[in-house]
Amino acid sequence: MADTGWPGCTKSLKGVILDLCGVLYDSGEGDGVAIPGSIEAVKRLKESDLQLRFCTNETQATRETFVAKLQRLGFDISVSEVFPPAPAAIAVLKERGLRPHLLVHDGLLPEFDAVDKTNPNCVIIGDAAENFLYQNLNEAFRVLIGLEKPVLFSLGQGRYYKETDGLKLDVGVYMKALEYACDLKAEVIGKPSPTFFQSVLSDMGLKPHETLMIGDDLVNDVGGAQYCGMKGVQVRTGKYRPSDERHPTVIADATVDNLAHAVDAILGQRGCSA
C-alpha cells in the first residue's frame, strides 16, 4: 500500500516545484538575502533524479533580470526553469486580441515592450509597489469602468509578502479594490490559478500526483497546488505565520522549518545522503 503521509509520499515523486521569494530568499534592499541552507538545497535537488522548476508570482522585474539576481545570490537557476506570470499574461493577450493598460512595477515594463497598448481594452495589475498611488489606481479604474465588457487581469492575488525589513502589501489587496469599484471579478494569472500550475507541469511532462510544490504561502502555493492534485508543503520562512497551521480550509501535507529540511526529507526517502 502506498504511503500517503509525509515524507513517505515523496518516494514516488518525479518532480518538485519551488516558490522563490520566502523559500529561497527574502527580497529587500539590493538583491535581498538567501535563506540559510537554500542554495545548497537547490543544488542537491538538481543533482538528484527529480525534475525541478520554479513557480513565482514575482512581478517587479523581467524574468531575465530576476534570474540574474538569483544567480548573484548564488543559486544555480536558468531562465527556462522559472515560470512567472508576465509571459503567461502576454500569451493570453495575444490569444484574445487584447490591448492592456498596465498598472505594474517599472521593472516589469520591458516584458510588455512588444505588446500593443494603444486604446486599451483591458487592465493588467501586478505588484506595482510604490506605483500603487491613488492617481494610478484611479486611472486603471477609469479604463475599466469605461469599457462595455471590462477585463481585469491580476498577476497573482497575494495579500502580502516578506522583505528583509518586514511584511509588504501585495497585488491582491489592490486587485480587490478594483473588483469592488467596478463590480467585476479579476482573472488571476499566476498562483493559485490551475492553468498556471498546469503550464509548469506540462513543461515537466509530469502529472500532478507525481509532483510536489514547496512554498511559504499556504493559500496560493500549497492550496493552489493541492487543488490541482499535487502535494503541497509549507516552509516556516518568508510570509509563514503560525496561524497558517490552524487554517480553516487549507491544510498543508507537511510544514517544515525551511527548504533545506524539506529536501533532507525528500532525498532521505530516495536513499540519497543528507
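1. Contact here means heavy atoms within 4.5 Å. The model is predicted: local features need pLDDT of at least 70, side-chain atom pairs count only at pLDDT 80 or more, and totals for chains, interfaces and linings use all residues. Residues are numbered from 1 along each chain as its sequence is written, and side-chain values use heavy atoms, with hydrogens and water left out.

2. Ile214 touches Val16, Ile17, Leu18, Asp19, Val23, Val233, Val235, Leu259, Ala262 and Ile266, leaving aside residues up to four places away in sequence.

3. A nonpolar core is a set of buried Ala, Val, Leu, Ile, Met, Phe, Trp, Tyr and Cys residues joined through side-chain atoms within 4.5 Å. Buried means under 20% relative accessible area (1.4 Å probe, protein chains only). The largest such core holds 33 residues, and Leu18, Leu24 and Ile214 have the most contacts inside it. Contributors of at least two residues each include strand 1 (15–18), strand 12 (211–215) and helix 8 (259–269). Helix 8 gives the largest share, 5 residues. Helices (H or I, at least four residues) and strands (E, at least two) are DSSP runs, numbered from the N terminus.

4. A second, separate core has 18 residues, among them Phe132, Leu137, Leu144 and Leu152.

5. Four strands form an open sheet in the order 6-7-8-11, with parallel pairing. Pairing requires at least two DSSP bridges between two strands. Strand 6 (100–103) and strand 11 (187–189) are the edges. Strand 6 pairs with strand 7 (residues 122–125) over 4 bridges. Leu103 stands opposite Ile125 in strand 7.

6. Helix 5 (residues 171–182) lies across strand 7, strand 8 and strand 11, at about 170° to strand 8. Axes are lines fitted to C-alpha atoms, for helices over the stretch in contact; angles run from 0 to 180 degrees between N-to-C directions.

Note on methods: Buried means under 20% relative accessible area, exposed over 50%, partly exposed in between (1.4 Å probe, protein chains only).
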